[in-house]
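User: I would like to learn how to read side-chain contacts and strand pairing. Can you take me through a case?

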Amino acid sequence: MLLKAFVALLLILGMPTKGTAEPAAATTIVLAGEDDWPPYSFADKRSLGAGHEPTGFSPRLIRAAFASQGVNVRFISVPFSRCMRLALTDQVAGCFNASITNENRNDYIWHSPPMFKEELSIFGAPGNDATPLTLADLRGKNVAITNGYTYPSAFVNDSRIGKFPANSDDNLIQMFLSKRVDYVVMNRTPGWLRIDATDAARGRLVHRGALSADEFWIAFSKKYPGAQQASDTFGKGLTQMRNNGSYQAMLDEFRKQVKFR
């Protein structure tokens, strides 16, 4: 109810009404952002939902790209699985950070270009073999994954891999430390950030290989008024930022801050 009231207020303040083909100039759109994926999008767990915004690289990038086209954007913070469900309705214009899979490709509107690329990594115990692990090496093993996240279809559909979901990446690390799983699948930058922040994991959980290099988008809603135009506008702003160098400058500064490796 709180979310619907917040969105209704924004409609009164200038958002398009049902049936409007495009957002008007100076409109404000509402996007849902993931609450637990630092350093890309995260929020104080005590202040989720309507009126509270996520922080991180993605909100900064999204706000800058829309601002370059004269569009205002507001965010709400929700768990990722709910974020994607909201983007299936008319309650928010879209959800970030989403990757495209065979399962969700036709459910949302996808802009171009993508926001960024991030490796989906395999983390495990240090090994003597310097050869990076791949999907094939996970067959017959138990692997911790985060509930509700989008993973490559080849991984999801491989029944030879034991998949054990948990509610957050922090939980995955604890599952490994308690020897409940052999490997943890996390995106590279968020994974290293959490390992570095977990005393017991440093040196015991290391990068062993990769499943894929995934691109990430805002998954725009097919039911939200003006979402197609919003997607096009965001893509235009992002392209402009890439062309004028401001995107690369923002990305370089972000990677410096998080000690990208």
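User: Which side chains make a polar contact with the side chain of Ser153?

Analyst: A polar contact is a pair of N or O atoms within 3.5 Å; within protein, one must be able to donate a hydrogen and the other to accept it, and residues adjacent in sequence count only if both atoms are side-chain atoms. Here the Ser153 side chain makes one with the side chain of Asn102 (3.5 Å) and one with that of Glu103 (3.1 Å). This is a predicted model: local features need pLDDT of at least 70, side-chain atom pairs count only at pLDDT 80 or more, and totals for chains, interfaces and linings use all residues. Residues are numbered from 1 along each chain as its sequence is written, and side-chain values use heavy atoms, with hydrogens and water left out.

User: Leaving aside neighbours within four places in sequence, what is Ser153 in contact with?

Analyst: Contact means heavy atoms within 4.5 Å. Ser153 touches Thr101, Asn102 and Glu103 on that basis.

User: Is Ser153 buried or exposed?

Analyst: Buried means under 20% relative accessible area, exposed over 50%, partly exposed in between (1.4 Å probe, protein chains only). Ser153 has 13%, so it is buried. It lies in helix α4 (residues 153–156). Helices (H or I, at least four residues) and strands (E, at least two) are DSSP runs, numbered from the N terminus.

User: Why is strand β5 described as largely enclosed?

Analyst: 5 of the 5 residues of β5 (residues 94–98) are buried, so the rest of the structure largely encloses it.

User: Which strands does β5 pair with?

Analyst: Two strands pair if DSSP finds at least two bridges between them. Strand β1 (residues 28–34) runs parallel to β5, with 3 bridges. Leu31 has Gly94 as its bridge partner. Strand β11 (residues 206–220) is antiparallel to β5, also over 3 bridges. There, Ala98 stands opposite Trp217.
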